Amino acid sequence: MNGTNAFQGGGTINNSQTITARAAVQVIDVLPNGNLVIEGLREISFSKERQFASLHGIVRPYDIQPDNTIDSTNIAAAQIDVVSEGTLTDAQKKGWLLQLNDKINPF
């Protein structure tokens with residue numbers, strides 16, 4: 001009796017997003033090394049949609065530019081959350097029956 005198995009597979013996933021925004025933040029703590037912990041929240045409303053963007057991170061004082069701004073690439077441990085709510089967001093969600101089907105038959 002002989003037997004052989006052979007499997008071959010491949011795949012590619014590409015995901016790219018760009019967010020362009022400005023937000024005011026507050027210094028909520030000063031670390032022992034002088035770095036600043038910052039936090040901010042921005043709410044945008046349009047066409048019965050609301051979008052919330054929150055930012056939390058650590059910046060070095062000498063990275064703050066003369067106009068009191070800082071590039072996002074200079075924020076350490078950056079946590080950026082963008083959440084939308086409204087009728088357009090609700091319309092993009094799966095209904096409860098499709099969600100149940102995905103749980104029962106995930107493939």
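Although Asn-33 and Arg-60 are separated by 27 residues in sequence, their C-alpha atoms are 9.2 Å apart in space.

The coordinates belong to a predicted model, in which local features need pLDDT of at least 70 and side-chain atom pairs count only at pLDDT 80 or more, whereas totals for chains, interfaces and linings use all residues. Residues are numbered from 1 along each chain as its sequence is written, and side-chain values use heavy atoms, with hydrogens and water left out. The mean pLDDT of the protein, on the predictor's scale of confidence in each residue from 0 to 100, is 83, and 81% of the residues reach 70 or more. Where pLDDT is low, the predicted coordinates should not be read in detail.

The protein contains two helices and four strands, assigned as DSSP runs numbered from the N terminus (helices H or I, at least four residues; strands E, at least two). Read from the N terminus, the order of elements is β-β-β-β-α-α. The four strands form an open sheet in the order S1-S2-S3-S4 with antiparallel pairing, two strands being taken as paired if DSSP finds at least two bridges between them. Strand S1 (26–30) and S4 stand at the edges with a single partner strand each, so one side of each is left without a neighbour in the sheet. From one strand to the next the twist averages 15°, with axes fitted as lines to C-alpha atoms, for helices over the stretch in contact, and angles between N-to-C directions running from 0 to 180 degrees.

Four bridges join S1 to strand S2 (residues 36–46) in the antiparallel sense. Within this pairing, Gln-26 stands opposite Glu-39 in S2, and Asp-29 has Val-37 as its bridge partner. The two strands form a hairpin with five residues between them, and Gly-34 in the turn has a positive phi of about 95°. S2 and S3 also run antiparallel and are joined by eleven bridges, with Ile-44 opposite Gln-51 in S3. Their hairpin has two residues between the strands, and Ser-47 there takes a positive phi near 45°.

Most residues other than glycine have a negative phi, and most peptide bonds are trans. Against this background, Asn-68 shows a positive phi near 65°; the residue belongs to the loop between S3 and S4 and counts as exposed because its relative accessibility is 64%. Ala-77, likewise not a glycine, has a positive phi of about 50°. Ala-77 is found in strand S4 and, at 56% relative accessibility, counts as exposed.

Asp-63 is placed in the loop between strand S3 (49–59) and strand S4 (76–86), and counts as buried because its relative accessibility is 14%. The side chains of Asp-63 and Arg-60 are joined by a polar contact of 2.7 Å, a term that denotes a pair of N or O atoms within 3.5 Å; within protein, one atom must be able to donate a hydrogen and the other to accept it, and residues adjacent in sequence count only if both atoms are side-chain atoms. Apart from its neighbours within four places in sequence, Asp-63 is in contact (heavy atoms within 4.5 Å) with Thr-69, Ile-70 and Asn-74.

Over the protein as a whole, buried residues make up 13% of the 107 residues. Of the contacts between residues at least 6 apart in sequence, 36% join residues at least 24 apart. The protein exposes about 9,600 Å², of which carbon and sulfur atoms supply 52%; accessible areas come from the Shrake-Rupley method with a 1.4 Å probe, and for residues only the protein chains shown count as cover.

Conventions:
Buried means under 20% relative accessible area, exposed over 50%, partly exposed in between (1.4 Å probe, protein chains only).
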